[in-house]
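Got your viewer open and ready? Let's take a walk through this one, a stop at a time.

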Amino acid sequence: MPEALPLTLITLSGPSAVTQTLSPGAVSVVGRSADSTICLLNERVSRRHAVLLWREGHWFALDEASAHGTFVNGVRLVPGEPAILNAGDLLRIGPWTMRVTLGSRSHPLARTIDDSAAPRQRIERADSSVVPGAQRRLRLLTDLIARFNAGATEADLADFALESAIKGTGYARGAVVKLAHGSDDVEVVHTRLPPEEKAVFTFSNSLIEAAAAGQSVVLTRDAEQVSSHSIARMDIHSAICTPVLIEEAVAAFLYLDARGRESAIRPDAAGFCEAVARALGLALANLKRADLEKRQRVLTSELNAAREAQQFILPPPRGEVGRVRYAMRMRPGIFVAGDLFDVLALPDGRTAFCLGDVAGHGAGSGMLMASAQAFLHAYLESGRSPAQAVGLLNRFLSDRLTAGRFVSLFLGVLDPDGTLEFVDAGHGHWLLLCAHPGETPSPDPECIPLGIDPDHAFASATVRMHPGDRLILFSDGLIDQRAPGGEEFGMDRLREALSASANPDDDIQHIFDRVLAFAQTSSLDDDATAASFEFTPASA
């Protein structure tokens, strides 16, 4: 699995500058509420607008049914459907547009020089008026737009734009750069240098800072300079920096300069650079949109395949098997549920049921759940005891799971006389509700989860159930669910939810009603599954 990378959001445009680094370990909420991880105070931002989270080797954005929508690379997200975030993506929430950075930078850094105090240097807004010769530049722009269709990467598009800009302006060298978070340097997307030049491209910090306001700026110098200044040492006599806009935010810069005896700049250079930058911005936006759509198609395909496998193998959500009446609900947190559930009649007249939790999220966990459930089902039908079946499944999983993956599981086999033999393999989340007053057994003994030690000897235990007693199994996604303020749902609230229940259907309905009301969202943080099994009286 890919290394877990922090995500940094850097404001490109918006009412205020927001720079926030998020760790992969938590679900981060973006919204207007004061307890949001990223609080954006604006009427176009919902109280709980979106969530950002790391799952299965990727960062995801999820719109929380916000009023004005969450946009990635100009595409409005479907509420409740996760979208993969890549480095360089543009996330728009309300009036804010932010660039996504993952871990280390995706482009190399280049040095900028502080030339703010250089004498006889002028930085001024570029004159973008057009002079004769427009037909040639129109052809260059037309060719450029046609070439953009062949670009597969940001570097390809930047190369095409630089070639056109250099031909149409008289500048000798150029680069497409981005501002680097936390540094005066810039990230270089692509450069074009004269064939004989091998020196590292250095950029004017003053010029880039001025262009960051959203307008083209030019730098000009008089012929006589003080040699101690960096710009003078490089003998730059003119330069231009034009912002490249995506979603009305400055996403990059088209930077060109001329030095020494290189030819003078054409008088309409600024206007042509702005036209090239506009075309580049549109091409980059289209590239980002197409990339997001491709990611979504792949993600949707994987999730659909996992859901189909899961639905094929799961039993009905309610029913009667032997002397067991049951109800179950499985609610994925954001992706495919990684929880495991099964109930089946055994050849000897007993009824087996189980609930488990696969560590991890997404399609991979869903497929693992399906395979584990199929193997356990087969072991039980072949006549293995609960401890034997769990031991065989543990060995199967231990040989195949990657590091950090495991499965917690509760497996119970109920005899018609009410004896419940069970194995609790690292699960621990169950309650026995007695129909008549009496002590409720505690979940003990508990063994280690599956997939950790292939040679672990699993032991079973027994409890006595009487007609009307109900066993409640649930995953940790229910009790670990947090409210907007960060408080966990917990066991006490779960018991309160069950206090007024009289049957398995009521149990499940009351649990999920309370959890969803507590979370104040329809998207739970993790997979959440609950099942209720009632031991019914013997038929006359």
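**Before you click**

This is a predicted model, so keep in mind that local features need pLDDT of at least 70 and side-chain atom pairs count only at pLDDT 80 or more, while totals for chains, interfaces and linings use all residues. Residues are numbered from 1 along each chain as its sequence is written, and side-chain values use heavy atoms, with hydrogens and water left out.

**The whole thing**

Show everything as a cartoon. The protein has ten helices and 30 strands; helices (H or I, at least four residues) and strands (E, at least two) are DSSP runs, numbered from the N terminus. Of the 540 residues, 52% are buried, where buried means under 20% relative accessible area, exposed over 50%, and partly exposed in between (1.4 Å probe, protein chains only). Take the contacts (heavy atoms within 4.5 Å) between residues at least 6 apart in sequence: 66% of them join residues at least 24 apart.

**Stop 1: a sheet with S3 and S4**

Select strands S4, S3, S5, S6 and S9. In that order they make an open sheet of five strands with mixed pairing; two strands pair if DSSP finds at least two bridges between them. At the edges sit S4 (38–39) and S9 (83–85), each pairing on one side only. Zoom in on S3 (residues 28–31), which pairs with S4 in the parallel sense over two bridges. Here Val30 stands opposite Ile38 in S4.

**Stop 2: His49**

Now pick His49, in the loop between S4 and S5 (50–55). Is His49 buried or exposed? His49 counts as buried because its relative accessibility is 0%. Its side chain reaches the backbone nitrogen of Ser46 at 3.0 Å, which you can show as a polar contact (a pair of N or O atoms within 3.5 Å; within protein, one must be able to donate a hydrogen and the other to accept it, and residues adjacent in sequence count only if both atoms are side-chain atoms).

**Stop 3: the largest nonpolar core**

Show side chains for Phe148, Val176, Leu254, Leu256, Val276 and Leu280. These touch the most other members of the largest nonpolar core, which has 36 residues. A nonpolar core is a set of buried Ala, Val, Leu, Ile, Met, Phe, Trp, Tyr and Cys residues joined through side-chain atoms within 4.5 Å. Helices H1 (134–148), H2 (154–169) and H5 (269–313), along with strands S19 (236–246) and S20 (249–259), each give two or more residues to this core. Which of them gives the most? That is H5, with twelve residues.

Center on Phe148: not counting residues up to four places away in sequence, Phe148 touches Leu157, Phe160, Ala161, Ala279, Leu280 and Ala283. A second, separate core of 28 residues includes Met369, Leu401, Leu450 and Phe458.

**Stop 4: an antiparallel sheet**

Select S21, S22, S30, S29 and S27. They form an open sheet of five strands in that order, with antiparallel pairing, and S21 and S27 are the edge strands. S21 (residues 318–321) and S22 (residues 324–331) pair over four bridges, with Ala327 in S22 as the bridge partner of Arg318. The two strands form a hairpin with two residues between them, and Gly322 in the turn has a positive phi of about 60°.

Move across to S30 (residues 528–535), which pairs with S22 over eight bridges; Val324 has Phe535 as its bridge partner. S29 and S30 pair over five bridges, and Leu473 stands opposite Ala531 in S30.

**Stop 5: helix H9**

Which residues of H9 are buried? They are Gly490, Leu494, Ala497 and Leu498. Looking down the axis of H9, these buried residues fall within an arc of 120°, so they line one face of the helix (the arc is that of the directions from the helix axis to the C-beta atoms). Their cover includes S27 (430–433), S29 (470–474), H8 (476–479) and H10 (504–519).

**Last stop: Phe353**

Finish at Phe353 in strand S24 (residues 351–358). Phe353 is buried, with a relative accessible area of 1%. Beyond its neighbours within four places in sequence, Phe353 is in contact with residues including Val324, Phe410, Leu471, Leu473 and Phe533.
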